[in-house]
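Please open the structure in a viewer and keep the selection panel at hand.

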Amino acid sequence: MCGIIGYVGPRDAGNILMEGLRRLEYRGYDSAGIAILTPDGKLAVEKRPGKIGELEGALNGRPPPGRCGIAHTRWATHGAPTTANAHPQLSSARDIALVHNGIIESAARQRPKLRDLGFDFRSETDTEVLVHLIDLAFRDCDRLEDAVATALAGVEGTYGIAVVSSRDPGKIVVARNGSPVLLGIGDRDEYFVASDAAAVVAHTQRVVRLRDGDSAVLSAGGYRTFDPSRRSVWRGAQIVDWSPESVGKGGYDHYMYKEIREQPSSLRDVLRGRLLEEEGSARLGGIARAEAELLDTDRIVITACGTSWHAGLIGAYMLEELARVPVTVEYASEFRYRNAVLSPRTLVLGISQSGETADTLAALREARRRRCRTMGIVNVVGSSIAAEVDFGVYLHAGPEIGVASTKSFSSQVVALALFTLFMARRRSMSIVDGREMVDALRRLPAQVEEALAVDDAVREMTEAYKDAPNFLYLGRGYQFPVALEGALKMKEVSYIHAEGYPAAEMKHGPIALIDENMPVVVLAPRDAVYAKTVSNIEEVRARRGRVIAVVSEDDDGETIQADERIVIPSTIPALMPVLATVPLQLLAYHVAVLRGCDVDQPRNLAKSVTVE
């Protein structure tokens, strides 16, 4: 979750590191810090609680001079957001600095032992234990990489780290185990370390993604990578197809709003080259070689977290209805710890925008241990999940910087629709139905553009609802996961309590909450359960609830009585969630803006959850 950036090369490191921190702030913004090896051979360190602006203010626009350094933006795990707990964490003599993403699970056991050896602890962090272990190991060796390797051999937990030391200057030592780290390869004998590519694409698009257990040493003379046994190993560079502009705001006030508006484009990228109109099917290169195994699958388990879990629930509805495959959807954090009934004919499908979500990765590893087939749907080429599954599908949706997922959700749903089409046409779906679905997918990006036309109307209505203490979201069938996702977006960015429910379940409890102060968002497209949903709306109105109805363009305009009506295009039921989600994203965004919330960096959240 935390953001790590490092640089070694011919240029001044400070401004490069600060720019990288700004690019990474979506990964955590509880505190930030920087450590630079200065020309006089010392470590200059500055850190501050709060957002990166606090660190920038402390530096007054003048980071310490030097050509090698590391920096960090933190999402707090161990210890409150304070100066002492901010990274980099330092050795007692302030000659070793370390930045860390992950959790050292053995820290509580090792802290008393290190105290007995004379080490003083200035922070509450687990990371400081690792710094002292490196310091201890340094007593018996001359090279920083050897001290780091010795220290890591004695810890348990997850980490992505970067370390510098004035005792062995001019190099950065990097290691990963369970937390992502990549190297950026510049064109001018300069090298970067980062948690993800967003921090380095302004300087290079060539990256080396370290694998679990790998380590690396970077200096102005080059870089070396090592496998878990510390043997030198070549890890080739990949090209990141993100431009520097794609990780900027593009003239919008917020990343979230930009990414909502980007959805027509991101969906075109997901679909590009994958629709087979004549065959009424889908081409998915990442799973084509596994067709026999997929057709032999007798059950699918979809596992994910948060927004990706909601997309997975929609995918389950599609796969069961259209491909006739039994599907269950599991929270990865629960699935990994329970003894689920699995078999070699079970496909476990993990969904993660980043491809690094710790619980989803662990769930897939457990599935492989149980001899299941594994598949991933991810957005980041070369990510941990992509590397570990048997086969998978890339979204190609481009970088998503806003902490609240928007375009990744719609892209995941469309990827699941493509996978469903692939499976269904090989099982029971007719070519006529396949062509209908292909046509619906082909038209979907343009329909999302139409759905975005409600933006002004949604913005106008939010004034009446911005002070509501609660929201209720209701949907049936394919629209139930949309209700969950709409409620999550409202909670994430506006801090208003919101709940999503199956519309019929309202009568089993939530109806007690409804009064004239309760906005109720109802997903009510013309579908097989339309009449039932209309009845649910009347039940809300009878209790004086304020109804915001999302209806499809084929609605007659008279059946549904609502305080607000939001009209979206019509498509096949399986794809209606993509269109219905758009106004809910806009509603959450505009309410949050009116309430003065930090839309892109909601409190207590981070973009990529790489710790348990």
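The model is a predicted one. Begin by selecting strands β22 to β26, which form an open sheet of five strands. The strands are arranged in the order β23-β22-β24-β25-β26, and their pairing is parallel. Which strands stand at the edges? These are β23, residues 497-502, and β26, residues 564-568. Each has a single partner strand, so one side of each remains without a neighbour in the sheet. From one strand to the next, the twist averages 20°.

Clear the view and select α7 (residues 263-271) together with α15 (residues 431-451). The two axes come within 8 Å and cross at roughly 170°. Angles over 145 degrees count as roughly antiparallel, which makes α7 roughly antiparallel to α15.

To see the contact itself, show the following side chains:

- from α7: Q263, P264, L267, R268 and L271;
- from α15: L441, L444, P445, A446, V448 and E449.

Colouring the contact of α7 with α15 by class gives eight nonpolar residues, one polar residue and two charged residues.

**Q601**

Return to α19 and proceed to the segment after this helix, where Q601 lies. Is Q601 buried or exposed? Its relative accessibility is 15%, and the cut-off for buried is under 20%, so Q601 counts as buried. Select the residues that Q601 touches, leaving aside those up to four places away in sequence: E25, Y26, Y29, K51 and V403. With E25, the side chain of Q601 also makes a polar contact of 3.4 Å, side chain to side chain.

**T38**

For the last stop, select T38, in the loop between β2 (31-37) and β3 (43-49). T38 has a relative accessibility of 15% and therefore counts as buried. Which residues does T38 touch, not counting those up to four places away in sequence? They are A44, P64 and P65.

Technical notes:
Residues numbered from 1 in each chain as written. Predicted model: local features only at pLDDT ≥ 70, side-chain atom pairs only at ≥ 80, totals over all residues. Heavy atoms only, no water. Pairing = 2+ DSSP bridges. Helix = DSSP H or I, 4+ residues; strand = E, 2+ residues; numbered from the N terminus. Axes fitted to C-alpha atoms, helices over the stretch in contact; angles between N-to-C directions. Parallel < 35°, antiparallel > 145°, perpendicular 65-115°, else oblique. Contact = heavy atoms within 4.5 Å. Nonpolar A, V, L, I, M, F, W, Y, C, P; charged D, E, K, R; others polar. Buried < 20%, exposed > 50% of the residue type's maximum accessible area, 1.4 Å probe, protein only. Polar contact = N/O pair within 3.5 Å; in protein donor to acceptor, adjacent residues only side chain to side chain.
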